[in-house]
Amino acid sequence: MPGSFVAGTCPGAGVIPKVRMDAIIYGCGRLASMLAPYLVQSGYTVTALDSNLSRLKSVAAEPQIKGILIADPMMHDYLQEAHVDIAELFLALSDEELRNVLVSQVAKHIYNVPLVVCRLDNPQLQQLYSGLGLKVVGFSILNLFSEIQQAIRLD
Amino acid sequence: MYVVIVGCSPVGYHLTKVLLTAGHEVTVLEKDPIRCQLLWDELGSVVIQGDGTDERDLKSAGTARADVFVAAADLDETNLVACQIAKHVFQVPHTMSTIKDTKNEPLFEILGIDVVVNATHLMVTALEEGVPGRPLLRLMNPRVPELELVSVSLPADSAIIGKRLDELVLPPHSFISLVIKKDRASLPSNEMILESDDEVVAVTSPGEEHNLYEILTGA
């Protein structure tokens with residue numbers, strides 16, 4: 001049965017655990033600053049990228065979190081500096097949706113990062129890129145709609 | 001042919017004029033209202049104000065019946081998303097894009113954009129060729145990324161002047177394909193002697209360009 005293991009037959013038993021799990025966060029805002037310490041606790045080596053120094057500092061505040069200040073024309077070089085080629089997890093969380101789409105697809109298709117999460121608030125883009133294999137997170141207009149329905153009924 | 005162009009950048013503008021002159025039907029989507037107003041005076045109703053990454057605006061531009069879609073906006077991310085919407089939502093059979101960051105080219109190709117024009121690469125190459133001296137000229141950007149076709153003019157102080165072609169030790173994956181002596185092209189042969197001002201056309205790989213240049217011009 002999926003999800004249940006019998007002692008000794010656990011898949012991966014006897015395999016030496018991977019020493020390092022890298023997570024890269026592109027775009028530092030409130031979301032990233034909440035998420036980064038959580039990832040560190042879960043055992044990830046976290047690297048945060050942003051083009052704005054104060055935003056970057058708000059996330060890379062602790063010594064375990066590495067911050068890289070980026071300039072857009074050399075985006076690929078910064079991703080390599082962040083070891084995107086060995087990363088397990090890539091999160092594009094910046095405010096700029098189109099930028100998120102671009103870097104997410106670079107992580108997924110050029111560097112073969114196994115799990116790529118892309119923040120998108122535009123429902124049309126959400127639908128398109130979920131269909132194209134990105135793990136899309138973001139503001140959901142459907143949820144908001146049902147919340148408003150409920151709020152109206154409560155009144 | 002019906003062509004939808006996103007972004008009335010200088011590229012988008014001139015492409016529009018060329019296509020209209022050639023008798024094609026064209027619609028240009030431009031985000032900036034002031035730019036739109038100015039272009040309207042010149043190009044008329046082919047210019048529509050709208051966002052090339054917005055499905056509704058693309059729909060009203062008639063993208064669903066477009067034969068060709070060209071993304072020529074300022075930002076690579078705008079062009080990528082515009083092309084992906086055109087390709088996957090509106091099933092446009094042929095998508096083309098300009099890009100500015102050279103390193104984005106492989107991604108656009110993997111994602112199925114049919115023609116990717118690397119604007120920065122084209123400009124850098126053109127400018128590089130204009131720098132005085134004996135530059136390494138890239139003759140074209142072949143479809144095979146591992147190949148580079150280059151041309152080098154041999155300076156008088158090069159160590160290989162007076163040597164036979166078969167004495168040259170070239171970098172891996174590199175070979176001389178043509179030698180031009182006094183405006184006459186000849187196929188390379190082992191016995192051929194290299195002279196000053198000979199133009200050597202060679203095939204190499206992007207990583208070996210510099211080594212090849214050193215071997216051909218180094219004193």
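User: How far apart do the C-alpha centres of domain 1 of chain B and domain 2 of chain B lie?

Analyst: The two C-alpha centres are separated by 39 Å. Domain 1 covers 2-119 and domain 2 covers 127-217 of chain B, with bounds from an automatic or database domain assignment. This is a predicted model, in which local features need pLDDT of at least 70, side-chain atom pairs count only at pLDDT 80 or more, and totals for chains, interfaces and linings use all residues. Residues are numbered from 1 along each chain as its sequence is written, and chains are lettered from A and ligands numbered from 1 in the order in which they are written.

User: Why is H4(A) called roughly perpendicular to H4(B)?

Analyst: Helix H4 (residues 97-110) of chain A and H4(B) pack at an angle of about 80°, with their axes 8 Å apart. Angles of 65 to 115 degrees count as roughly perpendicular (under 35 roughly parallel, over 145 roughly antiparallel, the rest oblique), so H4(A) is roughly perpendicular to H4(B).

User: Which residues of H4(A) and H4(B) make the contact?

Analyst: H4(A) contributes Leu98(A), Arg99(A), Val101(A) and Leu102(A), while H4(B) contributes Asp76(B), Glu77(B), Thr78(B), Leu80(B) and Val81(B). Residues are in contact if their C-beta atoms, placed from the backbone, lie within 7 Å.

Technical notes:
Axes are lines fitted to C-alpha atoms, for helices over the stretch in contact, and angles run from 0 to 180 degrees between N-to-C directions. Helices (H or I, at least four residues) and strands (E, at least two) are DSSP runs, numbered from the N terminus. Two residues are in contact if their C-beta atoms, placed from the backbone, lie within 7 Å.
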